Amino acid sequence: MAFLTSLLNSMPGAAAQGLAWGVMAIGVYITYKILDVADLTVDGSLGTGAAVCVLLTINGAPIGLAMACSVLAGMLAGLVTGLLHTACGIPAILSGILTQLALYSVNLRLMGWGTGAGKANLPVSVDKYGLLVSARYVRELALNNPLIPLAVFVAAVIAALYWFFGTELGCSLRATGSNGNMARAQGINTSLCKVLGLMVSNALVALAGALLAQYQGFADVNMGRGAIVIGLAAVIIGEVLFSKVFRNFALKLLGVSAGAVIYHVVIQAVVSLGGIDTNYLKLISAATVAVFLAAPFWRERFFARGAGKGGRAHA
C-alpha cells in the first residue's frame, strides 16, 4: 500500500519531466529518423539552453526573451555541428562529439558569467522570478501546475513541425534523409538541409533545457549527460507502442513525446518499487533503455517468425 501511495504521488512529477523531455525527444527524432544523422550534440545543447535561460532570467530578462535566446543558442550549436560535418567533411557522429565537448566549457563559462570563472550550477527561484513552470506546483489543481504549460509547449512544437515539414523546404529536408543521392539529383542542396535539420533539432533540445531548468529550479553543467539515450529511448518507445496506430506525421511526433512520458513513469515506478538506492539510477535507466531498444528486434525475430510459420502452415 505504501508503494502504491508513493508511486501515485510521484506520477505528476514523472509526467511533467516526461513532457519536458518530450520536446527534446522530438528534436532527436528529427536527426535520428528524418535526417538519418547520428547527432550527439544534444548532450551539450540541452545544458546550453538551460544555462542561457537561467543566466538571462536572473539578470532581469523576461522569461519569454530568455527562452527565445535559449532556442537561438541551440540553433547556433546545431549550426556548428552541421558546418563541421558538411564543410569540413567530419563524420556526423564525430562532429556532434566535438561540439558537445566544446559546449561543456561554454556552459561552464555561461553559468559563471560575471564571476570571472566557470560555474557548474546556477540556481533560479520561482519566488523571485516569473518562471513558466516549477516542480513546486506539480501536484496542485491550479493553472500554475506545470503540466498545463508543458502540454501546451508540446502541442505547439508538434503543430509547428507539422506545418514546416509540409512546406517545400521541409519536404527537401525529408528527402535528404530518405535518399540523399536522389535528393541531389533533383537539385536539392543536401548539405544545407542537413545543417538546417541539425539547427532545428538542437533548437528544440535547447528549448527543452530551458523548460527543465525552470522546472527543477537550476541549470547544471551535467544536466545533459545521457540526454541522447533518453531521447532515443523515447523515439523507440513511441515506435514500439504506437507505430501501428499513429501513422500521421503529427501523431508520430505525439508518440515520441508520449514515449518520453512513459520512460519517466517506468523509471519512477522501478525506483519506487523497493526504495532502490539512487546510486543505481543510471544502471536502471540503461537497463530500461536497453529493453525498449531491443523490443523491436525481439518482436521481428520471434513473433514475426511465428506468424510466418503459421502462414506457411495454412498455405
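Buried means under 20% relative accessible area, exposed means over 50%, and partly exposed is whatever falls in between, judged with a 1.4 Å probe and with protein chains only; by this scale T86 counts as partly exposed, at 27% relative accessibility. The structure is a predicted model, in which local features need pLDDT of at least 70 and side-chain atom pairs count only at pLDDT 80 or more, while totals for chains, interfaces and linings use all residues. Residues are numbered from 1 along each chain as its sequence is written, and side-chain values use heavy atoms, with hydrogens and water left out.

**Overall build**

- The chain has eleven helices and two strands, where helices (H or I, at least four residues) and strands (E, at least two) are DSSP runs numbered from the N terminus.
- Read from the N terminus on, the order of the elements is α-α-α-α-β-α-α-α-α-β-α-α-α.
- The radius of gyration of the chain is 20 Å, close to the 20 Å that the globule rule gives for 315 residues, so the chain is as compact as a globular protein of that length; this radius is taken over C-alpha atoms, and the globule rule is 2.2 Å times the number of residues to the power 0.38.
- Taken along the principal axes, the C-alpha atoms of the chain fill a box of roughly 70 × 60 × 35 Å.
- Of the 315 residues in the chain, 46% are buried.

**Salt bridges**

- A salt bridge is counted where a side-chain nitrogen of Lys or Arg lies within 4 Å of a carboxyl oxygen of Asp or Glu, and by this rule the count comes to two.
- One of them joins E239 and K33, whose closest N and O atoms are 2.9 Å apart; E239 lies in helix α9 (residues 227–242) and K33 in helix α1, so the pair ties together parts that are 206 residues apart in sequence.
- E239 is partly exposed at 29% relative accessibility, and K33 is partly exposed at 36%.
- A salt bridge also links the side chains of D127 and R136, with a distance of 2.5 Å from N to O; D127 is exposed, with a relative accessible area of 57%, whereas R136 is partly exposed at 49%.

**Surface patches**

- Patches are made of residues with over 30% relative accessible area and no salt bridge, with like charges joined within 9 Å and nonpolar side chains (Val, Leu, Ile, Met, Phe, Trp, Tyr) joined within 5 Å; the accessible areas come from the Shrake-Rupley method with a 1.4 Å probe, and for residues only the protein chains shown count as cover.
- A patch of positive charge on the surface is formed by R174, K244, R247, K252 and R299.
- For such charges, Lys and Arg count as positive and Asp and Glu as negative, while His and the chain ends are not counted; the place of a charge is taken as NZ of Lys, CZ of Arg, CG of Asp or CD of Glu.
- V291, F297, W298, F302 and F303 make a nonpolar surface patch of about 590 Å².
- W298, one of the residues in the nonpolar patch, is found in helix α11 (residues 281–314) and is partly exposed, with a relative accessible area of 41%.

**Individual positions**

- D36 has a positive phi of about 60° although this residue is not a glycine; D36 sits in the loop between α1 (2–35) and α2 (42–58) and is exposed, with a relative accessible area of 59%.
- T86 lies in helix α3 (residues 63–86), and 24 Å separates the C-alpha atoms of T86 and S70, which are 16 residues apart along the chain.
- N121 belongs to strand β1 (residues 121–123) and is partly exposed, with a relative accessible area of 31%; the C-alpha atoms of N121 and L79, 42 residues apart along the chain, are separated by 26 Å.
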